[in-house]
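These are my notebook entries on one chain. I set down what I looked up, entry by entry, with the cut-offs beside the terms.

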Amino acid sequence: MGKEKLRHILVTGQSGSGKSTEADRLGKETGLPVIHLDDQPGFGAPGVDPDFIEDLTTATQDIVHNLDKPHIVEGTQMMSDQFPVELLRSHDLRVMDADEDELVRRLTTRGWNTDSGEEYQGAET
C-alpha cells in the first residue's frame, strides 16, 4: 500500500473532551498504534520543553505524512484554522466535544497544563 492510500484516524477536540480516552479505546479496538501529539518531543510548553516547536501545525502534518502504516493520531493541534482541510479530509476524522459543565468536571478532576507549562492538579480523589 502506497503512502498516498494510507488512512489514519485523526482524533481532535478541545482539552478535556475525551480525545486521549477515545484514541486509546480505538487503538485497543482496531490494534492500530496510537500517537498522542502532546507526548511528542517539541509539543510541550515553551520554556518547559527544551525541543519546543513554534509551528505545531507543520510539525503535526510532518508526523502524519511520515507514517508508513495506519495510525491513530490524537491532539488539539488539528483544530488550528491553519491546519490543511485536505489533510483532514483524506483521513478518518473524529472531533470530540463535551458541554461546558462536563469539561470543567473533567479538567478539575484530572488537572491540566497551561501554555506557560504551569501544571494545575485536579482535586484529590
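**Entry 1: Val-73 and the cores.** I looked up the contacts of Val-73, leaving out residues up to four places away in sequence: Val-73 touches Ile-9, Leu-10, Val-11, Ile-35, Leu-37, Val-64, Leu-67 and Met-78. Contact here means heavy atoms within 4.5 Å. Another core, of 6 residues, includes Ile-9, Val-11, Ala-23 and Ile-72. A nonpolar core is a set of buried Ala, Val, Leu, Ile, Met, Phe, Trp, Tyr and Cys residues joined through side-chain atoms within 4.5 Å. Buried means under 20% relative accessible area, exposed over 50%, and partly exposed in between, with a 1.4 Å probe and protein chains only. The largest nonpolar core has 13 residues, and Leu-10, Leu-37, Val-73 and Met-78 have the most contacts inside it. Two or more residues of this core come from each of α2 (56-65) and α3 (85-89). The most come from α2, which gives 3 residues.

**Entry 2: Basis of the model.** I note that this is a predicted model, in which local features need pLDDT of at least 70 and side-chain atom pairs count only at pLDDT 80 or more, while totals for chains, interfaces and linings use all residues. Residues are numbered from 1 along each chain as its sequence is written, and side-chain values use heavy atoms, with hydrogens and water left out.

**Entry 3: The chain as a whole.** I find 4 helices and 6 strands in the chain. Helices (H or I, at least four residues) and strands (E, at least two) are DSSP runs, numbered from the N terminus. Along the sequence the pattern reads β-α-β-α-β-α-β-α-β-β. The chain has 125 residues, of which 37% count as buried. I also took the contacts between residues at least 6 apart in sequence; 66% of these join residues at least 24 apart. The accessible surface comes to about 8000 Å², and 48% of it belongs to carbon and sulfur atoms. These areas come from the Shrake-Rupley method with a 1.4 Å probe; for residues, only the protein chains shown count as cover.

**Entry 4: The sheet.** In what order do the 4 strands of the open sheet stand? I read the order as β2-β3-β1-β4, with parallel pairing. Two strands pair if DSSP finds at least two bridges between them. Because β2 (34-36) and β4 (92-96) stand at the edges with a single partner strand each, one side of each is left without a neighbour in the sheet. From one strand to the next, the twist averages 15°; axes are lines fitted to C-alpha atoms, for helices over the stretch in contact, and angles run from 0 to 180 degrees between N-to-C directions. Between β2 and β3 (residues 72-74), which run parallel, I find 3 bridges. In this pair, His-36 stands opposite Glu-74 of β3.

**Entry 5: Thr-12.** Thr-12 is placed in strand β1 (residues 9-13). Is Thr-12 buried or exposed? Its relative accessible area is 3%, so Thr-12 is buried. The Thr-12 side chain reaches the backbone oxygen of Gly-75 at 2.8 Å. A polar contact is a pair of N or O atoms within 3.5 Å; within protein, one must be able to donate a hydrogen and the other to accept it, and residues adjacent in sequence count only if both atoms are side-chain atoms. Thr-12 and Gly-75 lie 63 residues apart in sequence, yet 5.2 Å apart in space, C-alpha to C-alpha. Beyond four places in sequence, the residues that Thr-12 touches include Lys-19, Met-78, Leu-93 and Val-95.

**Entry 6: His-8.** I place His-8 in the segment before β1. With a relative accessible area of 1%, His-8 is buried. A polar atom of the His-8 side chain lies 3.0 Å from the backbone nitrogen of His-71. Among the residues that His-8 touches beyond four places in sequence are Val-64, Leu-67, Pro-70 and His-91.

Entry 7: At the start of α2, a side-chain oxygen of Asp-55 reaches to within 3.4 Å of the backbone nitrogen of Thr-57. The buried residues of α2 are Thr-57, Ala-59, Thr-60, Gln-61, Ile-63 and Val-64, and they pack against β1, β2, β3 and α3. Asn-66 lies in the loop between α2 and β3 and, at 55% relative accessibility, counts as exposed. The side chain of Asn-66 reaches back to the backbone oxygen of Asp-62 at 2.9 Å.
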